[in-house]
Amino acid sequence: MTEIIDAHLHFSLHGTDKQRELAELQSKMKQFGIKKAVLYLIDENDFNDKNYALNFGTYFIPGMMLYPNDCEPDAKLEELKRHNVRLIKLLPYEQKLLYQDYDNICKFTKKIEKHKMALTICAAYGSKYIYTTNGVDLAERVLRDGFQGPLIIAHGGMVRVLDVFALMQEYQNLYIDISFTIPFWWESHVIQDLYFVMKHMNYERIFWGSDYPNHSLNESLSKFDLFCKKFEISAPDKAKILSENFNTFYQKYLE
């Protein structure tokens, strides 16, 4: 059976026994053969509540949302590093990171690079800010500004996955996870475009993810299986996406 790594899930930790909540999530992952997952802490209270200091064991790789305009970014990055957090996430829509903010965001991402951490940029497509910000545009701006660290575009860029592919030709430090995209955009042209990108990337630098709880683990995995059958993706290439690519990424940047 192919090992599975979920490169993108998030979970709200609000209860009185957060370790138990993590254990329950781990148990749910086990049911679907998921050995390890990137767990993004993206609630407003996660940093102040020090949820990054929980015991994540070997099942979870914690990532943290931070605001680029934070008054003490270096201190927070150092604190996260002390607790083994190596992934910082930006969410343009949720954090209202608009085009006019991109210069300041680039200064912040340079601090992430200085601290030898990885950056994830959410590239969901939508919301009322659809024409005032975009994760793919932000990733391009950060890369053009000289960011040399590992950068993951979450959700593959969705309807702009071909733009992401063009960027991947230019920047070897650019990766994508495909969480959310296949279940949500099924039957649209995005699915054909995503296959085109996978094939031309030789299935490299691409990670499977669920985006749980926005999609259930069952739906995310079953739709990915259907995707692989539709495009006759081989078992070795499927294994690359489900775990091998992320293992390589982890060993290179996060371990």
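**Close-up 1. Buried residues of helix H3 in the predicted model.** In helix H3 of this predicted model, Tyr102, Ile105, Cys106, Phe108, Thr109 and Ile112 are buried, where buried means under 20% relative accessible area and exposed over 50%, with partly exposed in between (1.4 Å probe, protein chains only). These residues lie on the same side of H3, because they cover an arc of only 165° around the axis, the arc being that of the directions from the helix axis to the C-beta atoms. On the other side of H3, Lys107 and Lys114 are exposed. Helices (H or I, at least four residues) and strands (E, at least two) are DSSP runs, numbered from the N terminus. Residues are numbered from 1 along each chain as its sequence is written, local features need pLDDT of at least 70, side-chain atom pairs count only at pLDDT 80 or more, and totals for chains, interfaces and linings use all residues. Side-chain values use heavy atoms, with hydrogens and water left out.

**Close-up 2. Surroundings of Phe227.** Phe227 is in contact (heavy atoms within 4.5 Å) with Ile182, Trp186, Ile191, Leu194, Tyr195, Met198 and Ile233, leaving aside its neighbours within four places in sequence.

**Close-up 3. Asn245 in helix H9.** Asn245, which has its place in helix H9 (residues 235-254), counts as buried because its relative accessibility is 8%. A polar atom of the Asn245 side chain lies 2.9 Å from the backbone oxygen of Ile206. Beyond neighbours within four places in sequence, the residues in contact with Asn245 are Tyr203, Glu204, Arg205, Ile206, Phe207 and Lys240.

Technical notes. Polar contact = N/O pair within 3.5 Å; in protein donor to acceptor, adjacent residues only side chain to side chain.
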